[in-house]
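Colleague: Could you show me how to read aromatic rings in a model? I am new to this.

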Amino acid sequence: WACFIVRDRSKRSIGEVRSGIESTAQTMLEVSYEGTEIYIPFVDEFIMEVDARERVIEMDLPEGMLDL
């Protein structure tokens, strides 16, 4: 997932994926966001669309998730 761009439901860029961290519970995306690294759960509830050709992941994140 590295180098994919994460966008929100209004197609605004959130940041670039630095890595995907696999665990037994779920995959977490490490995303560069406003000068820091954040972790976003890569789960069906948040994923709207993955465009592998364009390297874009569109997500519908819960309000406030980016503020954590």
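Modeller: Happy to! Let's begin with burial: buried means under 20% relative accessible area, exposed over 50%, and partly exposed in between, using a 1.4 Å probe on protein chains only. Here Phe4 is buried, at 6%, while Trp1 is partly exposed, at 39%. This is a predicted model, where local features need pLDDT of at least 70 and side-chain atom pairs count only at pLDDT 80 or more, while totals for chains, interfaces and linings use all residues. Residues are numbered from 1 along each chain as its sequence is written, and side-chain values use heavy atoms, leaving out hydrogens and water.

Colleague: How many aromatic pairs does a search of the whole structure find?

Modeller: A pair of aromatic rings is described by the distance of the centres and the angle of the planes. Rings of Phe, Tyr and Trp (its six-membered ring) pair if their centres lie within 6.5 Å; planes under 30 degrees apart are stacked, over 60 edge-to-face, the rest tilted. The search finds two pairs. Trp1 and Phe4 have ring centres 5.2 Å apart and planes at 70°, so this pair is edge-to-face. For Trp1 and Phe42, the centres are 4.8 Å apart and the planes at 55°, so that pair is tilted.

Colleague: Is Phe42 buried or exposed?

Modeller: Phe42 counts as buried, at 16% relative accessibility. Together, Trp1, Phe4 and Phe42 form one aromatic cluster.

Colleague: Which residues is Thr27 in contact with, leaving aside its neighbours within four places in sequence?

Modeller: Contact means heavy atoms within 4.5 Å. Thr27 touches Ile21, Glu22, Ile40, Pro41 and Phe42 in that sense. Thr27 is also buried, at 13%.
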